[in-house]
Amino acid sequence: MCGIVCYVGTQDAKPILLEGLRRLEYRGYDSAGLAVQDGGEIGLHRSAGRIIDLEKKINDVAIPGCTGIAHTRWATHGEPTEENAHPHRDQEEKVFVIHNGIIENYHSLKKKLAKSGVKYRSDTDTEVLAHLIAGHFDGSLTEAVRKTMSQVEGTFGLAVIHKDVPGEIVVARRGSPLIIGVGEDGNFAASDVAAMVRYTNKVLHLNDNELASITAEGVSISTAQAKEVQRPAETVEWLPEDAELNGFPHFMLKEIFEQPETINNAMRGRLEPGEGVPKLGGIMPVWNDLKKCRHMVIVACGTSYYAGCVGRTIFEKLTEIDVEVELASEFRYQKLNFPPNTFIIALSQSGETADTLAAIREASRKGATLLGIVNVVGSSIARETAAGIYNHAGPEIGVASTKIFISQLTILTLLALLLGRHQNLSLTEGVEAIKALGALPDQVRQILSQDNHIQAIAEKYFKYNNWLFLGRKYGYPIAMEGALKLKEISYIHAEGYAAGEMKHGPIALINPEMPTVAIAPRDAMYEKMIGNMQEVKSRRGPLIAIATEGDEKIREIADEVIEIPHTLEYLYPVLATVPCQLLAYHCARFLNRDIDKPRNLAKSVTVE
Ligand code: F6R
């Protein structure tokens, strides 16, 4: 969802900005643009569509200048046209601004500005920012932005340049991510580390209601109240190669194949096999309260929500804690009333999901303690929670989440195990869990080695327009996640259902035209799943089973079987997810879909 990249330094800005925009492509967008400053001149170039369309337009155009701002827009206010693409400018074409987020009071601001004679060129909320900043400009761009910040309601990560102050970019943030990069040949700002990781790994995070003036020489940060802020740069762990395909046709496939390493990264330095207790340094600030906690709420959206649903069942198995899982977008509108010492876990790969942020803010207001499980270091959720655990999964570029889902399951298991071991869980159970966790990476490799087999299944079924995914207990959220993956990237309609619910309605859909994927490992729900699979088969529904290796009974019932290795019941979700991901991937590939950038979707959903 909308991306920002800015550069000011000694090099030509155009190639750096285009490279940054390409790195942000995965976030989802429908138009792109940039503005480059050369002394007192600013060149504006925009295009509807993909970055490649913008590149085609400007490839042969000389765009001199070492200061520039660039943007990918995901339409919210106004269609994805060139006129609505960012940067936007004021009447006199002196101020150029790019913006992520939503200006909520833009209607009233627009009306006021229109009365004073301002003519609009676009349908966007962002354009008001350009006019307001121009109106406040009195020699200092920082002050003009500061005054504008006090007038606008809503969320923003923004960057501005002004014709009269060459070599300066002012950025500001409220509720939308904005990171400053400190480089050798200049400085950067971006909505996402990926945009600048090729040039620098030294970053400064802006907090909400802060702004910064960035020049080739340095960065000065201040608050909306004009208080200077001193903040040391941090080093990010992500490597430029993390954002390369390395021979894979899609990032999604690369990330699926990275999963053995993702699990290792989630566990690295965190396992103590002899004691059967994981070590999670990030939660130590709240440990005394956490170990006494008896009520937890996991809040999340989409794929992360399904990881939370698996997490609840794992907590139920390993701990004495009551865990609820809530969709973040619904949670904050409920009447929240928490027992003392309630912990809220915000589960989010990006750490920037607007619904999840809003949910935890509301929960914090009601007295709960916040924990974060996030992948992006320094993200808003990481900073707004009292303590937390990082996934350390590296960047996930494919819009449909794969490896971070697996990482979330791993981390939730570690947390449940840690808490369980301080409650009723025995040493033997702890040691057994750690042994089984340690075996997961190789077991995932074993499933990945069946890629050709899964591709052949996809080839047989990708033309079917409706699919059903069934599972029970640990398998139910995996059925939902499997269905979500398939619909997201292949646009095939798929539903994830609790298998026991099938006869209460969906069974009416079963016919030879509707494949069912059954998550059926040898767990406590096995016999019941067999019953459900037989119900599908007796109605001549094509049946694809994900089953434990060597399961002859399932081979007799199902048309296709994908085998997963044996593990502990509560770790089957990790293994059962992988065939679902590959099935979705190959169906989407046979359908020639834009797998890494599926239509209408954004990687990081920063609007509610
Ligand atoms: C789907 C997917 C989304 C995200 C959801 C929440 O593949 O990735 O459903 O899980 O938008 O995002 P995060 O985890 O960043 O809070």
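User: What should I know before reading the values?

Analyst: Residues are numbered from 1 along each chain as its sequence is written, and side-chain values use heavy atoms, with hydrogens and water left out. As the model is predicted, local features need pLDDT of at least 70 and side-chain atom pairs count only at pLDDT 80 or more, while totals for chains, interfaces and linings use all residues.

User: Which residues are closest to the ligand?

Analyst: A residue is near a molecule if one of its heavy atoms lies within 4 Å of it. Here 13 residues surround the ligand, and Ser 304, Ser 348, Ser 350, Thr 353 and Glu 488 are the closest. By class, this shell has 3 nonpolar, 8 polar and 2 charged residues. For these classes, Ala, Val, Leu, Ile, Met, Phe, Trp, Tyr, Cys and Pro count as nonpolar, Asp, Glu, Lys and Arg as charged, and the others, Gly among them, as polar.

User: Where do oxygen atoms of the ligand lie 2.6 Å or 2.9 Å from a side chain?

Analyst: A polar contact is a pair of N or O atoms within 3.5 Å; within protein, one must be able to donate a hydrogen and the other to accept it, and residues adjacent in sequence count only if both atoms are side-chain atoms. An N or O atom in the side chain of Ser 304 is 2.6 Å from a ligand oxygen, and for Glu 488 the distance is 2.9 Å. Thr 353 also has a polar side-chain atom 2.5 Å from an oxygen of the ligand.

User: How much of the ligand does the protein bury?

Analyst: Accessible areas come from the Shrake-Rupley method with a 1.4 Å probe; for residues, only the protein chains shown count as cover. Taken alone, the ligand exposes 400 Å², and the protein buries 92% of that.

User: Where does the ligand sit?

Analyst: On a 1 Å grid over the protein atoms alone, a cavity is a set of points where a 1.4 Å probe fits but cannot get out, and a pocket is an open set with protein on both sides within 12 Å along at least five of seven lines; lining residues have an atom within 4 Å of a point. A molecule sits in one if more than half of its atoms lie within 2 Å of its grid points. The ligand sits in the largest pocket, whose volume is about 520 Å³. Grid points are joined across faces, edges and corners, and a volume is the space filled by probe spheres set on the points.

User: Which element gives the most to the lining of that pocket?

Analyst: Helices (H or I, at least four residues) and strands (E, at least two) are DSSP runs, numbered from the N terminus. H9 gives the most to the lining, with 5 residues, and also the most to the shell around the ligand, with 3 residues. The lining has 27 residues, with Cys 301, Gly 302, Thr 303, Glu 488 and Val 605 nearest the centre.
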